[in-house]
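In these notebook entries I record what I looked up in one structure. I set down each point in the order in which I examined it.

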Amino acid sequence: MRTLFGQFNSQDIYCYTLRQRNLEVSILTYGGIVQSIRYPDKQGNPLSIALTRESAEAYQDGDGYYGAIIGRLGNRLENGQFTLNGKTYHLTQNEGNNTLHGGKSGFHDKLWEVLFESETQLRLRYVSPDGEEGFPGTLQTIVTYTLENEGLRIDYEAQCDQDTIVNLTNHTYFNLHGIEKTTEGLLLSIDADQITPVDEKLIPHNTFLSVENTLYDFRAPRPFCTDLSQDPVLNKRGCYDENFVLNGEGLRKIATLSSTESGISMDVWTDQPGMQIYTGNPNGIALETQNFPNAIHCDRYPSPILKKGDSYKTTTIYQLKKV
Ligand code: BGC
């Protein structure tokens with residue numbers, strides 16, 4: 001079902017609502033934004049569990065990347081520049097000297113074309129011109145949202161006509177207590193033995209840190225809204241904003257978020273090597289599956305290079321279930 005949602009640069013933004021059994025997900029053609037996710041709580045009442053904004057204008061004014069597709073390069077690139085095949089590329093620096101989430105007007109700020117729609121699937125395309133935000137090559141990106149087994153599956157595909165760098169993700173903030181509440185008391189587990197520690201500008205530098213005996217240890221479920229004072233970095237920042245190095249490879253279950261209050265739980269499956277956890281919003285947690293930040297400058301991290309003509313393909317599933 002399609003409804004008119006608002007306007008972007010005098011063009012219409014549509015909202016598509018997908019349904020499969022008890023799961024209902026609305027997606028905007030602006031930014032490919034997951035505008036809402038509804039799933040029944042233990043009383044059987046539909047609960048809104050993804051943070052949402054009230055209007056098209058609010059999505060365009062705000063800087064929280066609510067629900068959006070993030071690209072071309074999710075997360076941070078140090079100094080907003082990189083060298084590929086002997087040539088240095090200067091990207092838009094939109095966070096101090098660094099580039100965050102693809103530059104000033106990344107994929108979250110584009111109108112996406114609908115290639116296919118059905119009751120349970122929406123396929124979106126955006127073609128990013130050569131040089132957009134400073135990136136080399138014309139990049140065609142297709143993102144497919146599919147509801148299956150009461151889960152939200154996101155398939156990302158991209159191809160470029162030149163060698164380039166890519167890191168796509170989605171920036172939905174989840175709150176399984178329901179979005180009227182804070183995230184206090186939500187339980188999180190992450191199958192990660194390490195993180196990529198960051199400097200004060202949130203840039204990692206080719207190193208790893210074991211989670212053992214740290215507040216980054218989520219290998220057993222525990223609340224993430226907790227006293228951060230034992231860790232000077234987290235205490236100063238007041239939230240988690242780090243990339244977790246996910247164990248294993250291939251499409252695998254790497255995290256679970258759950259609310260005993262609502263009776264809703266969510267497993268995160270991905271084939272990606274990393275996941276940024278961002279808890280700076282008191283009403284929702286972002287679980288951004290992705291490649292590691294600043295990877296083009298770090299040879300111990302997986303390469304973000306996409307070669308001309310090759311296919312970038314990655315899948316993440318947010319699987320809802322009862323606790
Ligand atoms: C980043 C945060 C940033 C947030 C913006 C996250 O992906 O890691 O540092 O503040 O996005 O909403």
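**Entry 1: Ile264**

I began with Ile264, which lies in strand S24, a strand that spans residues 264–270. The model is predicted, and I read every value with that in mind. Is Ile264 buried or exposed? I found a relative accessible area of 0% for Ile264, so it counts as buried, the cut-off being under 20%.

I then looked up which residues touch Ile264, leaving aside its neighbours within four places in sequence. Tyr39, Pro40, Asp41, Leu47 and Ile49 are among them. Leu176 is also in contact with Ile264, as are Leu257, Ser258 and Ser259. Leu320, Lys321 and Val323 complete the list. For Lys321 I noted the separation as well: Ile264 and Lys321 are 57 residues apart in sequence, and their C-alpha atoms are 6.0 Å apart in space.

**Entry 2: two loop residues**

Where does Asn213 lie? I found Asn213 in the loop between strand S20 (209–210) and strand S21 (222–223). Asn213 has a relative accessibility of 76% and therefore counts as exposed. From Asn213 to His108 I recorded 37 Å, C-alpha to C-alpha, for residues that are 105 apart in sequence.

**Entry 3: the whole chain**

I counted the secondary structure and recorded two helices and 28 strands in the chain. The radius of gyration is 19 Å, close to the 20 Å that the globule rule gives for 323 residues, so the chain is as compact as a globular protein of that length. Along the principal axes, the C-alpha atoms fill a box of roughly 60 × 50 × 35 Å.

I noted that 57% of the 323 residues count as buried. The chain exposes about 13200 Å², and carbon and sulfur atoms supply 45% of that area. Among contacts between residues at least 6 apart in sequence, I found that 61% join residues at least 24 apart.

**Entry 4: the largest pocket**

How much space lies in the largest pocket? I recorded about 300 Å³. The lining of this pocket consists of 16 residues, and Asp63, Tyr65, His171, Tyr173 and Tyr278 lie nearest its centre. I sorted the lining into five nonpolar, seven polar and four charged residues.

**Entry 5: the cavities**

I found two cavities of 30 Å³ or more in the structure. The largest cavity has a volume of about 80 Å³. I counted 13 residues in its lining, with Leu73, Phe292, Pro293, Asn294 and Ala295 nearest the centre. By class, the lining of the largest cavity holds seven nonpolar, five polar and one charged residue.

The second largest cavity has a volume of about 30 Å³. Its lining includes Gly71, Arg72, Gly102, Ser105 and Gly106. Lys110, Glu132 and Glu133 also line the second largest cavity, as does Phe135. I recorded two nonpolar, five polar and four charged residues for the lining of the second largest cavity.

Conventions:
Residues are numbered from 1 along each chain as its sequence is written. This is a predicted model: local features need pLDDT of at least 70, side-chain atom pairs count only at pLDDT 80 or more; totals for chains, interfaces and linings use all residues. Side-chain values use heavy atoms; hydrogens and water are left out. On a 1 Å grid over the protein atoms alone, a cavity is a set of points where a 1.4 Å probe fits but cannot get out, and a pocket is an open set with protein on both sides within 12 Å along at least five of seven lines; lining residues have an atom within 4 Å of a point. Grid points are joined across faces, edges and corners, and a volume is the space filled by probe spheres set on the points. Ala, Val, Leu, Ile, Met, Phe, Trp, Tyr, Cys and Pro count as nonpolar, Asp, Glu, Lys and Arg as charged, and the others, Gly among them, as polar. Helices (H or I, at least four residues) and strands (E, at least two) are DSSP runs, numbered from the N terminus. The radius of gyration is taken over C-alpha atoms; the globule rule is 2.2 Å times the number of residues to the power 0.38. Buried means under 20% relative accessible area, exposed over 50%, partly exposed in between (1.4 Å probe, protein chains only). Contact means heavy atoms within 4.5 Å. Accessible areas come from the Shrake-Rupley method with a 1.4 Å probe; for residues, only the protein chains shown count as cover.
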